[in-house]
Number of protein chains: 2
Amino acid sequence: MRVWFTTLAAVAMLASPAFADPLRTSAEAVRDRALADPTAYDYVEQLSVEVGPRLAGSEAAARARDWAVAKLKALGFANVHVEPFPITAWLRGPEEAEITAPRPQRLAIIGLGGSVPTPPEGVEGEIALFHTYADLLAAPPGSLAGKIAVVTQPMPRAQDGSGYGALNPARRAGPSEAARRGAVAYLVRSLATGVSREPHTGALNYQESAPKIPAAALSVIDAQLIDHLAARGAPIRIRLKLASATQPATAWTVEGEFPGAAHPDQIVQLGGHLDSWDPGTGSIDDGAGMAIAVGAAHAAAAEGPPKRTIRVALFGAEEMDFARPAFAAAHKGDNIVVIGESDIGADRAWKVQLPAGAFQAPEMKTYAAVVAPLAVWVSPEPSRGSGDDTADLVRAGVPAFAVAQDASRYFDWHHSSEDTLDKIDRDQLNQAVATWAAFAYIAANSDIDFRALAPAAAKPGP
Amino acid sequence: MRVWFTTLAAVAMLASPAFADPLRTSAEAVRDRALADPTAYDYVEQLSVEVGPRLAGSEAAARARDWAVAKLKALGFANVHVEPFPITAWLRGPEEAEITAPRPQRLAIIGLGGSVPTPPEGVEGEIALFHTYADLLAAPPGSLAGKIAVVTQPMPRAQDGSGYGALNPARRAGPSEAARRGAVAYLVRSLATGVSREPHTGALNYQESAPKIPAAALSVIDAQLIDHLAARGAPIRIRLKLASATQPATAWTVEGEFPGAAHPDQIVQLGGHLDSWDPGTGSIDDGAGMAIAVGAAHAAAAEGPPKRTIRVALFGAEEMDFARPAFAAAHKGDNIVVIGESDIGADRAWKVQLPAGAFQAPEMKTYAAVVAPLAVWVSPEPSRGSGDDTADLVRAGVPAFAVAQDASRYFDWHHSSEDTLDKIDRDQLNQAVATWAAFAYIAANSDIDFRALAPAAAKPGP
């Protein structure tokens, strides 16, 4: 692995200058504690080994809930509790696909979350191949009648994860767009940056106005093979079998806190999501994110009881979009000072974005100085959100704090069988914990009022 | 090296769909030609080997000029010419530095471009160490009297190069800020993402209101050593000797073009910069950038004479900020349709930003489809510029096109003795050329009017 760091040992030795304020000195102590603390790694190691994959609505999700409650209590969190909410669980069955013409070839595929099943005998048809998703959208109505639509657009590798956003509609909306044009099934090249035989799943969103057709992701290598085969000119036929079931179920968000000694009602809200996709062990998505939130809260509180409450939420159903409205409904009346969710893996932080208007605040200048030795910079560009599960509250005006971790490698493994513990580098993980912990400490031990700092244009309307 | 690509061979095989327009088919041919074309690599290989480093105002700069004129002519450019402009050349002399207390240690340093020399015997003093540049700015007036100010803040590694922007003031303005507080010399940790013993130079900008003190960059490893030593508590003393000279000189921007067959006065302006810093061979900064611009123009014109003129400028004095005003003064009356400068190394493109208002234009939708198979996405966020040498024209309203190449590795070597040919990966270089070439082709062979597309707010005032 590339050397990402200046020596962390050197960082931990940095004395703050003589003219530093007490808030800074304490935040530096929190940072340095986090850099050396095993809490975050132990969290994701234990979850990966002892619980494993935990699709919302599955038996494993209940085990994850119980594990998380016990873990938070063992770490000294108070008010540990479970907030249940109803979901429609989607559970995967056997899946297979193969090319049947011009020559047989087994394909590595995985059904998209929420996909309807095929008939038991599967669907078989000639493919309509699109090298870009825009080309599918440009296909005329009816032009895909009876066909299996295949989109093989590659995903750009980006440190900020933006390549995922660019391709997300191809997975989310592609099935309905293909169905609207007559397709009987849909295959999308995995939204992945690496080149491997492991397909990457993820949720789809059917539109009411289109028939629901079965949909799966192809491994990158199989998508490349289809591109090569298609260049030979002969029609390609594929047979696809997907089984799945849906059922009413319950999911749970687990919460715990370090109560505020001066202002217990003022909440610095951190979080990550407890559910995961099923093929891996959910170590980077989002075992690591939870570990960062838990580790950061733990490191901040180890400096002494915070003035404000530091609360951690382990959202119970992120992947299928159920946790966001449930959390917003349960907590819309809370006095949340600032909110942030960690859901971009285990690699090092490189940039931070603050709530609008906060960049010039003295407390945030202090924060910038505390994380500068970690090679993290605070951008003057304000955050636009921080995680899917917090989005409804952010839209309602809760200030958001966002840490950009290096996502260069994340989408090599995300949502695939390769989302496993070995991808986690302890030094990088702890650097991210330190970045969050210093913020949590300063937000919870100062009087900074992010809502008051926000420019008028950034405030929600009535 | 990590596998960044889907197979380029596969990309070259992609047939455009049946409903593609002729502009798209031709742009795809340009893209695929660029992917296989040796022009760009040959350009930077020859420049690195035959010319080498070429500081503006040096003897080597004149050799670079002559080489570039011959090279553009050999590649079929028309109207190849040289635009001279006066500069104040800064030329480096012998430099050395060492720790004298608490124990002797030779330091790897390099003077900042524009630095005044020390007296021949050097300057020696106790250091005032700042772990962040903000801490230096917070130091009171007079507090650095007689001291050598040292800033050791590390630079964040960022694919988009933003870590360089975050630290740039520490190099550019740091010397004057230190002098204003009484310092007699200034040392800054190299603005570099790697950990090496090679120091990285770059320009400083003295402020009129402060004394001019000598200033140099420390290698990252030496900056780390100083951090470690300082943690022991004993005062650290450093002795610094820098020699340099300034003299009136001439620099030259070299230009050539593929004249427009229908609208020769309408110019698609590409470019890179011909000057370089002195310690390496200027291969990534900016041999590669010029190679990309030259290669892109060449690949676009190989499809047939463009409707509009494609012009390439090889800016003759970027590093010390002289080429920008000279180019703007010489070309403010030109009808430049769109402008872009390539100056971020040789690695692959991952994102493109268009002039404001252009994202929805049909020609740009076509462009997005052409580059999507390269794993490049077109961001809806408009460009804010494209290179230092074009900035004055962009401020005056010329639409800018910007390609984000992967800068993750770039600042490991930038401005150091390690800026050499071996850092260039041919496949990545050609992927960047293809990204520029397809744009140049579409901009020069359509009637797209970027100025007309710009929203009112993006247009310059009277």
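## Secondary structure and overall shape

Chain A of this predicted model contains 15 helices and 14 strands; these elements are DSSP runs numbered from the N terminus, with helices being H or I of at least four residues and strands being E of at least two. Residues are numbered from 1 along each chain as its sequence is written, while chains are lettered from A and ligands numbered from 1 in the order in which they are written. Since the model is predicted, local features need pLDDT of at least 70 and side-chain atom pairs count only at pLDDT 80 or more, whereas totals for chains, interfaces and linings use all residues.

The radius of gyration of chain A is 23 Å, which agrees with the value near 23 Å that a compact globule of 462 residues would have. That radius is taken over C-alpha atoms, and the globule rule is 2.2 Å times the number of residues to the power 0.38. Along the principal axes, the C-alpha atoms of chain A fill a box of roughly 75 × 45 × 45 Å.

Of the 462 residues in chain A, 60% are buried. Here a residue is buried if 20 or more other C-beta atoms lie within 10 Å of its own, exposed if 12 or fewer, and partly exposed in between, with C-beta atoms placed from the backbone. Among the contacts in chain A with a separation of 6 or more, 83% link residues 24 or more positions apart; two residues are in contact if their C-beta atoms, placed from the backbone, lie within 7 Å.

## Two domains in chain A

Chain A is divided into domain 1, spanning 8–88 + 248–458, and domain 2, spanning 103–235. These bounds come from an automatic or database domain assignment. The C-alpha centres of the two domains of chain A lie 34 Å apart.

Where the domains touch, 18 residues of domain 1 of chain A are in contact with 20 residues of domain 2 of chain A. On the domain 1 side, helix 13 (residues 410–413) of chain A gives the most, with 3 residues. That side of domain 1 of chain A divides into 8 nonpolar, 5 polar and 5 charged residues; Ala, Val, Leu, Ile, Met, Phe, Trp, Tyr, Cys and Pro count as nonpolar, Asp, Glu, Lys and Arg as charged, and the others, Gly among them, as polar.

## Helix 4 of chain A

Helix 4 (residues 59–74) of chain A has 16 residues and reaches 23 Å from its first C-alpha to its last, close to the 22 Å expected at 1.5 Å a residue. The expected span is 1.5 Å times one less than the number of residues. Which residues of helix 4 of chain A are buried? They are Ala61(A), Ala64(A), Arg65(A), Ala68(A), Lys71(A) and Leu72(A). Seen down the axis of helix 4 of chain A, these buried residues fall within an arc of 135°, so they line one face of the helix; the arc is that of the directions from the helix axis to the C-beta atoms.

On the other side of helix 4 of chain A, Glu59(A), Ala70(A), Lys73(A) and Ala74(A) are exposed. The cover over the buried residues of helix 4 of chain A includes helix 3 (39–51), strand 1 (78–101), strand 8 (237–258) and strand 10 (308–315) of chain A. Just after helix 4 of chain A comes Gly76(A), with a positive phi of about 95°.

## Helix 10 of chain A

In helix 10 (residues 323–331) of chain A, the buried residues are Ala323(A), Arg324(A), Ala326(A), Phe327(A) and His331(A). They cover an arc of only 170° around the axis, which puts them on the same side of helix 10 of chain A. The buried residues of helix 10 of chain A pack against strand 1, strand 8, strand 9 (263–273), strand 10 and helix 12 (391–395) of chain A.

## Backbone details to check

Two cis peptide bonds are worth a look in chain A. One joins Ala101(A) and Pro102(A), with omega about 5°, and Pro102(A) sits in the loop between strand 1 and strand 2 (105–107) of chain A. Another runs from Asp285(A) to Asp286(A), with omega near 5°, and Asp286(A) is in helix 9 (residues 283–301) of chain A.

In chain B, Asn79(B) has a positive phi of about 50° although it is not a glycine. Asn79(B) is found in strand 1 (residues 78–101) of chain B and counts as partly exposed, with 13 C-beta neighbours inside 10 Å. His415(B), also not a glycine, has a positive phi of about 65°; His415(B) counts as buried, with 30 C-beta neighbours inside 10 Å.
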